[in-house]
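Thanks for coming. I will take a few minutes to walk through one structure, so please have a look at it first.

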Amino acid sequence: KMKPIWLGTSWKMNKPLSQALAWCETLAQRLPQVTHPDIQSFVIPPFTAIHPVSRFIQQHHLPCLTGAQNMHEAENGAWTGEISAAMLQETGATLVELGHSERRGAFNECDAAINQKVHSALRHGLRPLICIGDSADEKRWQVSQESVVRQMKIALYGLSDSQVLQTLVAYEPIWAIGEQGTPATPEQAAAVHQALRQALCATFGDETGQRIPLLYGGSVNLQNAVELLRQPDIDGLFIGRAAWDANGYCEIVQRVTQEFILQAQ
């Protein structure tokens, strides 16, 4: 059986509830027609929309997971404005995005804190989607691979083999995300993913290391999605603004289904 292909999106700080539910309505109309059991869809709304979106997806029996964009590592306490793993569990979220470059950059999140969050998420049965990325400077200095391998190894520090199989890793070059982003070429992405895979196998053994899903994110769109997924060691895509329109998201799912699943049968 093939590994599932992960295809998902985070809305960042977009979509108040009416827009969130409109996105879901389109998803309900289109996703069942275009997806396949070997594709794992997911959506990561802002905190205020996670519960309504999760409930909509459950009521419509859509094959799509929901997640949160961040969480605090503590169980509870005097952390005004923060949200714990136990709180996220109650929303219907099963994934939690940790360490996005915007969190690292704008909110000073460090590798050690992300490692604590990963452990806390797993204790509560949430699946961490750990984001790692290299800056434009690191790319110019030719330390991209060392930089992201280091981030990943710290994030996964202290996990057992069974725990690490509950994680996802998304490589998102900082120079490739956002409106000004230049997407990585498939070759650039493949080289970094190969280095990540080698590090996973070196740390956790080949059998486990091969099974941890590695996603690419950074200016993914309908034009480059298939070529990126053709690269070895790219197990899925973390899609940005191309998926903020639900039709755009479903078109990517449809193209991936046609290219990788229907043609393989």
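This is a predicted model: local features need pLDDT of at least 70, side-chain atom pairs count only at pLDDT 80 or more; totals for chains, interfaces and linings use all residues.

Residues are numbered from 1 along each chain as its sequence is written, and side-chain values use heavy atoms, with hydrogens and water left out.

Start with helix α7, residues 144-155, and helix α9, residues 186-204. Helices here are DSSP runs of H or I with at least four residues, strands are runs of E with at least two, and both are numbered from the N terminus. The axes of α7 and α9 come within 10 Å and cross at roughly 40°. That makes α7 oblique to α9; angles under 35 degrees count as roughly parallel, over 145 as roughly antiparallel, 65 to 115 as roughly perpendicular, and the rest as oblique. The axes are lines fitted to C-alpha atoms, for helices over the stretch in contact, and the angles run from 0 to 180 degrees between N-to-C directions.

Which residues of α7 make the contact? They are Gln-145, Val-148, Val-149, Met-152 and Lys-153. On the α9 side, the contact residues include Ala-191, Ala-195 and Leu-200. Contact means heavy atoms within 4.5 Å.

Helix α7 also packs against helix α5, residues 111-123, at an angle of about 40°, with the axes 8 Å apart. α5 and α7 are therefore oblique to each other. Asp-111, Ala-112, Ile-114, Asn-115 and Val-118 in α5 meet Arg-150, Gln-151, Ile-154 and Ala-155 in α7.

Next, the loop between α1 (17-34) and β2 (39-44), where Thr-35 sits. Is Thr-35 buried or exposed? Thr-35 counts as buried, at 17% relative accessibility; buried means under 20% relative accessible area, exposed over 50%, and partly exposed in between, with a 1.4 Å probe and protein chains only. Leaving aside residues up to four places away in sequence, Thr-35 touches Pro-63, Val-253 and Thr-257.

Last, the cysteines. How many disulfides does the structure hold? The count is 0, a disulfide being a pair of cysteine sulfur atoms within 2.5 Å. For Cys-64, the closest cysteine sulfur is in Cys-24, 8.0 Å away, which is too far for a bond. Cys-64 counts as buried, at 8% relative accessibility. Cys-201 is buried too, with a relative accessible area of 10%.
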